[in-house]
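Welcome to my notebook. I went through this structure one topic at a time and wrote down what I looked up.

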Amino acid sequence: MLKSELNRYIHDWRTRIFAILIVVIPLLDFIQVLFSQDFADAQYRFNPIVASFLSGSQAEHYGQIIFVWFMPILLLGLCADRPIRDHKEQYDIAQIMRLGKKRYYLVGLMANGILTFVTTGIGLILNYLLALLVFHGGKDFLTDDLENSSTLTAELSWQYNHTVLTMLMVTVATVLLATVFAFVCYVLSLMFANYYVVYTVAFVVWFAQIISKYSTTYLMQPLIEYGLNYQIPSALIFIATSGAIIGLGYWRMVMWHGDQL
């Protein structure tokens with residue numbers, strides 16, 4: 001059933017468009033950084049971690065800003081709002097009668113998770129591999145942290161000394177975060193089955209977390225001054241919020257509801 005559901009998504013033109021968009025945004029960001037760089041002197045060439053997509057505001061990564069702020073649209077467009085279309089076409093009723101509510105719910109979650117994990121992973125990994133290749137040997141971090149001992153914490157110092165490992169950790173965190181939020185968007189689509197409501201609620205849930213004191217963005221950006229004292233609460237809040245919505249969706253759509261979603 002999972003394979004069949006994945007094939008259904010993959011052959012959907014809308015899923016393909018948003019998958020391409022998620023992969024292309026980091027690549028376009030890399031091109032922008034590439035054309036803004038002077039390669040004559042390695043001293044002023046970006047370090048690959050700075051040239052990478054997830055560095056955010058450093059080196060004017062406007063694509064990263066779009067990716068973060070509009071993540072609900074990207075994930076809903078990719079696959080998470082599919083239950084709304086299925087409900088309008090009554091496809092969900094046929095599937096529930098064949099599979100049961102629990103399996104229908106879980107298969108949808110897994111399909112969304114796999115597509116989101118693979119798509120976001122491809123875009124971010126390709127971007128960083130290009131940064132490593134093209135900006136190899138670059139020394140410019142676009143910051144005075146290295147010269148200012150008052151701002152160079154032990155955590156930041158470790159990141160500057162282990163840039164590849166830092167990017168690996170941040171990339172994995174970002175891909176997992178996007179995957180979990182795709183679960184959230186999918187569950188919202190199941191519960192409300194209305195584009196206006198789902199997109200609005202998804203944005204409210206997402207924005208409430210990225211603009212808070214313990215912003216989710218702290219988990220998606222390397223070389224920032226917000227260390228574990230902010231990142232751990234941020235991760236816990238995100239996990240708790242997402243878990244609550246996914247759990248509520250399971251209770252509402254599988255345990256409490258009637259014979260159909």
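**Entry 1: the largest cavity**

I began with the lining of the largest cavity, which by class has 6 nonpolar, 1 polar and 3 charged residues. For these classes, Ala, Val, Leu, Ile, Met, Phe, Trp, Tyr, Cys and Pro count as nonpolar, Asp, Glu, Lys and Arg as charged, and the others, Gly among them, as polar. The model is a predicted one: local features need pLDDT of at least 70, side-chain atom pairs count only at pLDDT 80 or more, and totals for chains, interfaces and linings use all residues. Residues are numbered from 1 along each chain as its sequence is written, and side-chain values use heavy atoms, with hydrogens and water left out.

How many cavities of 30 Å³ or more does the structure hold? I found 1, and the largest cavity has about 50 Å³ of space. The lining residues are Met1, Glu5, Arg8, Tyr9, Pro83, Asp86, Tyr104, Val107, Gly108 and Tyr186. Helix H1 (2-10), H6 and H8 are the elements that give two or more residues to this lining.

My terms here: on a 1 Å grid over the protein atoms alone, a cavity is a set of points where a 1.4 Å probe fits but cannot get out, and a pocket is an open set with protein on both sides within 12 Å along at least five of seven lines; lining residues have an atom within 4 Å of a point. Grid points are joined across faces, edges and corners, and a volume is the space filled by probe spheres set on the points. Helices (H or I, at least four residues) and strands (E, at least two) are DSSP runs, numbered from the N terminus.

**Entry 2: the largest pocket**

Next I turned to the largest pocket, with a volume of about 300 Å³. Its lining has 15 residues, and Gln159, Met169, Val170, Leu228 and Gln231 lie nearest the centre. Helix H9 (154-161), H10 and H12 each supply at least two lining residues, and H10 gives the largest share, 4 residues. By class I noted 9 nonpolar, 5 polar and 1 charged.

**Entry 3: the nonpolar core**

Which residues touch the most other members of the largest nonpolar core? Of its 65 residues, they are Met71, Tyr105, Phe181, Tyr186, Val187 and Trp206. Helix H10 (residues 163-192) contributes the largest share of this core, 14 residues. Such a core is a set of buried Ala, Val, Leu, Ile, Met, Phe, Trp, Tyr and Cys residues joined through side-chain atoms within 4.5 Å. Buried means under 20% relative accessible area, exposed over 50%, and partly exposed in between (1.4 Å probe, protein chains only).

I then followed Tyr105, leaving out residues up to four places away in sequence: Tyr105 touches Tyr186, Val187, Leu190, Ile246, Gly249, Tyr250, Met253 and Val254. Contact means heavy atoms within 4.5 Å.

Val205 sits in helix H11 and is buried at 17% relative accessibility. Not counting residues up to four places away in sequence, Val205 touches Phe181, Thr241 and Ile245.

**Entry 4: helix H7 and its ends**

In helix H7 (residues 91-99), I marked Asp92, Gln95, Ile96 and Leu99 as buried. Seen down the axis of H7, these buried residues fall within an arc of 100 degrees (taken from the directions from the helix axis to the C-beta atoms), so they line one face of the helix. The face turned away from the buried side carries the exposed residues Met97 and Arg98. Helix H6 (82-88) and helix H8 (101-134) are among what covers the buried residues.

Gln90 is in the loop between H6 and H7 and is exposed at 54% relative accessibility. Its phi is near 60 degrees, a positive value in a residue other than glycine. Most residues other than glycine have a negative phi. Just after H7, Gly100 takes a positive phi of about 95 degrees.

Is Leu223 buried or exposed? Leu223 is buried, with a relative accessible area of 7%, in the loop between helix H11 (195-210) and helix H12 (228-256). Phi of Leu223 is positive, near 55 degrees.

Ser55, in the loop between helix H3 (48-51) and helix H4 (62-69), is buried with a relative accessible area of 0%.

Lastly, Asp12 is in the loop between H1 and helix H2 (13-35) and is buried at 8% relative accessibility. Leaving aside neighbours within four places in sequence, Asp12 is in contact with Arg82 and Arg85.
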